[in-house]
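Hi,

Here is the structure I promised to pass on. Have a look at it first, and then read on for what turned up.

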Amino acid sequence: MATYYSEEHEWLTVEGDTATLGITKHAAEQLGEVVFVEQQEVGDEFEKDGEIGVIESVKAASELYAPVDGEIVEVNEALADNPGALNEDPEGEAWIYKVKIADPSQLEDLMDEAGYKAFIG
């Protein structure tokens with residue numbers, strides 16, 4: 001199992017050809033209090049850098065961008081009732097999607113944890 005980070009402040013924990021995707025603690029702190037999460041449906045396919053949802057906070061709405069090509073295989077339904085979970089546990093229980101990765105070589109464009117920590121300074 002390996003975790004990757006994008007410049008859009010998303011994390012992907014990869015097991016085989018499936019990944020769990022969410023936003024980083026840094027992103028959650030920047031957003032402030034999350035009030036709504038717009039998610040796509042299971043079976044939706046997406047391309048790298050395509051919009052795959054929106055997170056709305058009391059400050060602003062922020063688009064989620066796909067870090068890789070793939071397909072949504074599971075949606076974290078708990079966020080519909082409790083979007084604030086993204087503030088409490090963004091890198092744990094408050095994951096957003098489980099996705100099937102179409103092109104694993106795209107993971108090479110992402111950062112590891114040390115690279116992400118350096119990126120956010």
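Let me start with the contacts. Of those in the chain between residues at least 6 apart in sequence, 59% join residues at least 24 apart; a contact here means heavy atoms within 4.5 Å. Before you go further, please keep in mind that this is a predicted model, where local features need pLDDT of at least 70 and side-chain atom pairs count only at pLDDT 80 or more, while totals for chains, interfaces and linings use all residues. Residues are numbered from 1 along each chain as its sequence is written, and side-chain values use heavy atoms, with hydrogens and water left out.

Now the overall picture. You will find four helices and nine strands in the chain; these are DSSP runs numbered from the N terminus, with helices being H or I of at least four residues and strands being E of at least two. Reading from the N terminus, the order is β-β-β-α-β-β-β-β-β-α-α-β-α. The radius of gyration of the chain is 13 Å, close to the 14 Å from the globule rule for 121 residues, so the chain is as compact as a globular protein of that length. (That radius is taken over C-alpha atoms, and the rule is 2.2 Å times the number of residues to the power 0.38.) Along its principal axes, the C-alpha trace spans about 35 × 35 × 20 Å.

As for the surface, the accessible area of the chain is about 6,400 Å², and carbon and sulfur atoms account for 43% of that. The areas come from the Shrake-Rupley method with a 1.4 Å probe, and for residues only the protein chains shown count as cover. Buried residues make up 42% of the 121, where buried means under 20% relative accessible area, exposed means over 50%, and partly exposed is in between (1.4 Å probe, protein chains only).

There is an open sheet to look at too. Its three strands come in the order E4-E6-E7, with antiparallel pairing; two strands pair if DSSP finds at least two bridges between them. E4 (34-39) and E7 (61-65) are the edge strands, each pairing on one side only. From one strand to the next, the twist averages 20° (axes are lines fitted to C-alpha atoms, for helices over the stretch in contact, and angles run from 0 to 180 degrees between N-to-C directions). E4 pairs with E6 (residues 51-57) over five bridges, and Val34 has Ser57 in E6 as its bridge partner.

Finally, which salt bridges are there? The whole structure has four, a salt bridge being a side-chain nitrogen of Lys or Arg within 4 Å of a carboxyl oxygen of Asp or Glu.

- Asp17 and Lys100, with the closest N and O atoms 3.1 Å apart. Asp17 sits in the loop between E2 (10-15) and E3 (18-23) and Lys100 in E9 (residues 97-101), so the pair ties together parts 83 residues apart in sequence. Asp17 is partly exposed at 36%, and Lys100 is partly exposed at 38%.
- Lys25 and Glu29, with the closest N and O atoms 3.0 Å apart. Both lie in helix H1 (residues 25-31), four residues apart, about one turn of the helix. Lys25 is partly exposed at 49%.
- Lys48 and Asp109, with the closest N and O atoms 3.3 Å apart. This pair links distant parts of the chain, 61 residues apart: Lys48 is in the loop between E5 (45-46) and E6, Asp109 in the loop between E9 and helix H4 (113-120). Lys48 is partly exposed at 26%, whereas Asp109 is exposed at 54%.

Cheers
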